[in-house]
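Q: Could you take me through a protein model and show me how its buried parts and its charged pairs are read?

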Amino acid sequence: RKIDESPRVRLLLARLDEKRQQDSVWNHIHVSASLNPIKTASEFTDSIRAGISVSVPFKVFQSKSYQAEMLELRILRQDLKREVRKLWFDRQRCTLEIRQLELERAGTRLTEEKVKVKLAVRDASADELEAARLSTSRIETQVLEKQLDIRDLEDQLLALVGEL
């Protein structure tokens, strides 16, 4: 149902509606009426000539088919559904990547804690601790990037269905 509320679908429907109104029979029919009193010799009589004329272009009577327009609308809806589905799958993929990165981050934090313990008992160097911290920091940066990707995908989804 949200696809029908999409800005693209509403724009196409508005264009189709406008085209239908322009192609309407009533826009092409011209009616005119005239009243002419009949004059005989030098005096008016009681007779009045009345006439109504209607002019209609021939193309109005040609059968119009809106099947092409409806097909275009159906194709647009299918394209929008496909695009929404693709964006949703991309969002799900990013969410899974974030979970994986969070697990890796937990592992590097554990490694960092181990190095801290080793350092405390003088079994490790400060370089090992710094390497563990750097690894954790890289993973945290990747998590933040994936979260931004998800926000961008959600914005694209909302824009696609007209809620942004």
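This is a predicted model: local features need pLDDT of at least 70, side-chain atom pairs count only at pLDDT 80 or more; totals for chains, interfaces and linings use all residues.

Q: Which residues of the largest nonpolar core touch the most other members?

A: In soluble globular proteins, nonpolar side chains tend to be buried together. Here the largest nonpolar core has 17 residues, and those that touch the most other members are V9, L12, L76, L80 and L87. Two or more residues of this core are given by each of the elements α1 (7-22), α2 (67-120) and α3, with α2 supplying the largest share, seven residues. As for L12, once neighbours within four places in sequence are left aside, its contacts are E72, L73 and L76.

Q: How many salt bridges does the structure hold, and with which side chains does D90 meet in them?

A: Side chains of opposite charge can pair when their charged atoms come close. The structure holds ten salt bridges. In one of them the side chain of D90 meets that of K86 at 3.0 Å, N to O, and because these two residues are four apart in helix α2, about one helical turn separates them. D90 also meets R93, at 3.9 Å, N to O, and this pair, three residues apart, likewise lies in helix α2, about one turn of the helix.

Q: Where in the chain do E154 and R91 lie?

A: The side chains of E154 and R91 meet in a salt bridge of 2.8 Å, N to O. This pair links distant parts of the chain, with E154 in helix α3 and R91 in helix α2, 63 residues apart. E154 is partly exposed at 29% relative accessibility, while R91, with a relative accessible area of 19%, is buried. Elsewhere, salt bridges that share partners join K86, D90, R93, E97 and K146 into one network.

Q: Why does T136 count as buried, and what is it in contact with?

A: T136, found in helix α3 (residues 126-160), counts as buried because its relative accessibility is 5%. Leaving aside neighbours within four places in sequence, T136 is in contact with R105, T108, R109 and E112. The C-alpha atoms of G107 and T136 are 8.7 Å apart in space, though 29 residues separate them in sequence. G107 lies in helix α2 and, at 33% relative accessibility, counts as partly exposed.

Terms used:
Residues are numbered from 1 along each chain as its sequence is written. Side-chain values use heavy atoms; hydrogens and water are left out. Buried means under 20% relative accessible area, exposed over 50%, partly exposed in between (1.4 Å probe, protein chains only). Contact means heavy atoms within 4.5 Å. A nonpolar core is a set of buried Ala, Val, Leu, Ile, Met, Phe, Trp, Tyr and Cys residues joined through side-chain atoms within 4.5 Å. A salt bridge is a side-chain nitrogen of Lys or Arg within 4 Å of a carboxyl oxygen of Asp or Glu.
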